[in-house]
Amino acid sequence: MADEELNPKPVAEQRDRLPNEDAPVFDLGARPDIVKNLHPVRFIQDEDPLTPPRPGIGLCLSGGGYRAMIFHLGALWRLNELGILRKVARVSSVSGGSLTAARLGLMWKKLTFDVANTATNLEPLVMSPLKDLASQTIDVCAVLRGRLLPGTTVPKEMAAIYRKHLYGNATLQDLPSDTEGPRFVLNSTNLASKVLWRFSKPFMADYLVGLIPNPKLELATAVAASGAGPPFLSPVELKCRPTDYDPKYNGKLHFKPYTTDLKLTDGGVYDNLGLETVWKDYETILVSDGGAVSAPEPRPKIGWLQQTYRVLNIIDDQVGSLRSRAIVAAYQLHLRKGTYWGIRTNILEYGLSNSLNCPFEQTTALANTPTRLKGMDAVLQERLINWGYAVCDAGIRKYVDSTAPAPTGFPYPAVGVG
């Protein structure tokens with residue numbers, strides 16, 4: 001792994017190292033125990049990995065602060081142009097991706113789609129408010145107010161900012177129903193049970209604790225929980241009553257304090273791609289990854305705290321790398337259809353003669369944007385959107401729809417990607 005860290009291979013290149021489309025397909029049905037371990041997600045008891053997924057498209061939006069939030073806007077832009085966005089059945093997100101997903105979900109019923117299934121008002125309803133937020137630094141202010149002012153906390157301050165700029169007093173019940181649009185699932189990590197706590201319109205739940213139907217929780221609080229990056233923005237604390245839960249779905253941890261005192265942290269702690277809540281259900285999985293990796297350090301600190309922080313970053317990098325490779329392998333083994341595109345992907349590895357011009361050095365510089373909620377200038381935002389647009393396009397046209405028309409240029413042609 002040391003060589004890989006020094007010269008990381010983009011996912012598209014990793015894909016070429018796996019069995020190609022002409023390789024024989026294994027008789028996976030003969031060994032369900034093996035198939036279970038080939039998926040990039042964990043199957044729990046009573047879940048059969050051989051059960052065919054339902055037709056439909058699931059879209060995953062990763063974490064990564066403002067960097068991921070804006071990168072995903074570029075991907076949404078291209079998916080919308082191609083008429084794919086309207087066909088998505090579920091959007092699953094964590095952290096920075098949840099900022100984007102929650103705004104899209106809140107505005108979904110107001111989007112106007114033309115005959116080509118393209119939303120004509122996506123930019124003013126979804127993109128502009130997110131870009132406006134990204135121009136402001138909010139994490140430092142929230143930490144200072146949450147630590148210094150009585151009667152508040154850092155997560156409450158984060159929720160207040162999201163409420164003011166993006167979601168108002170909307171609740172999870174303001175998201176579209178399954179007959180009105182995609183189901184939006186915002187994921188956080190339950191510090192007590194160690195698994196995902198998921199927020200959606202029909203329910204919020206943790207399979208070990210239980211399920212609360214039709215939650216009235218504010219959307220701003222759910223987003224704050226999904227992006228409660230430890231240690232400064234975490235945890236979001238929720239109080240629930242035992243009577244809130246549907247008794248048909250009680251898990252093995254369905255007792256106090258698991259059911260009543262929830263402590264939730266960033267969804268990326270458990271699943272930085274938001275993969276869990278779509279992979280088991282849908283046939284086609286699109287993954288947009290705006291996550292980061294830690295940079296090499298020629299003279300790493302050896303003090304206990306600094307060393308521990310560095311080790312945790314290395315562990316997180318490796319977990320993310322393993323999961324992205326597992327996704328690619330699962331595509332190649334025909335466990336699912338779809339494609340993965342990442343902010344660190346080299347667009348040339350898709351092998352398209354008409355992909356947009358995105359020099360790897362320039363896109364790598366964009367990928368190295370810090371994982372913060374720190375204000376970005378307009379040029380950086382536009383370059384991140386251009387990059388998300390271009391790499392999403394390459395992934396879709398290479399592995400999902402080869403007949404899709406090539407783009408005529410970047411959304412913001414004046415700035416390119418660097």
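A pocket is an open set of grid points where a 1.4 Å probe fits, with protein on both sides within 12 Å along at least five of seven lines, and its lining residues are those with an atom within 4 Å of a point.

**Figure 1. The second largest pocket and the residues at its centre, in a predicted model.** The lining of the second largest pocket is made up of 34 residues, and those that lie nearest its centre are Ile44, Glu47, Arg198, Tyr207 and Lys280. The space in this pocket comes to about 1000 Å³.

**Figure 2. The elements and residue classes that line the second largest pocket.** Two or more lining residues are given by each of strand S3 (183–190), strand S4 (196–199), strand S5 (203–206), strand S6 (210–213) and helix H11 (276–279). Of these elements, S5 provides the largest share of the lining, with three residues. When the lining is sorted by class, 14 residues are nonpolar, seven are polar and 13 are charged.

**Figure 3. The aromatic pair of Tyr162 and Tyr167.** Seven aromatic pairs are found when the whole structure is searched. In one of them, the ring centres of Tyr162 and Tyr167 lie 6.5 Å apart and the ring planes stand at 70 degrees, so this pair counts as edge-to-face, the class for planes over 60 degrees apart. Tyr162 has a relative accessible area of 4% and is therefore buried, and Tyr167, at 3% relative accessibility, is buried as well, since the cut-off for buried is under 20%.

**Figure 4. An aromatic cluster of Trp108, Phe113 and Phe184.** In this view, Trp108, Phe113 and Phe184 are linked into a cluster by ring pairs.

Methods. Residues are numbered from 1 along each chain as its sequence is written. This is a predicted model: local features need pLDDT of at least 70, side-chain atom pairs count only at pLDDT 80 or more; totals for chains, interfaces and linings use all residues. Side-chain values use heavy atoms; hydrogens and water are left out. On a 1 Å grid over the protein atoms alone, a cavity is a set of points where a 1.4 Å probe fits but cannot get out, and a pocket is an open set with protein on both sides within 12 Å along at least five of seven lines; lining residues have an atom within 4 Å of a point. Grid points are joined across faces, edges and corners, and a volume is the space filled by probe spheres set on the points. Helices (H or I, at least four residues) and strands (E, at least two) are DSSP runs, numbered from the N terminus. Ala, Val, Leu, Ile, Met, Phe, Trp, Tyr, Cys and Pro count as nonpolar, Asp, Glu, Lys and Arg as charged, and the others, Gly among them, as polar. Rings of Phe, Tyr and Trp (its six-membered ring) pair if their centres lie within 6.5 Å; planes under 30 degrees apart count as stacked, over 60 as edge-to-face and the rest as tilted. Buried means under 20% relative accessible area, exposed over 50%, partly exposed in between (1.4 Å probe, protein chains only).
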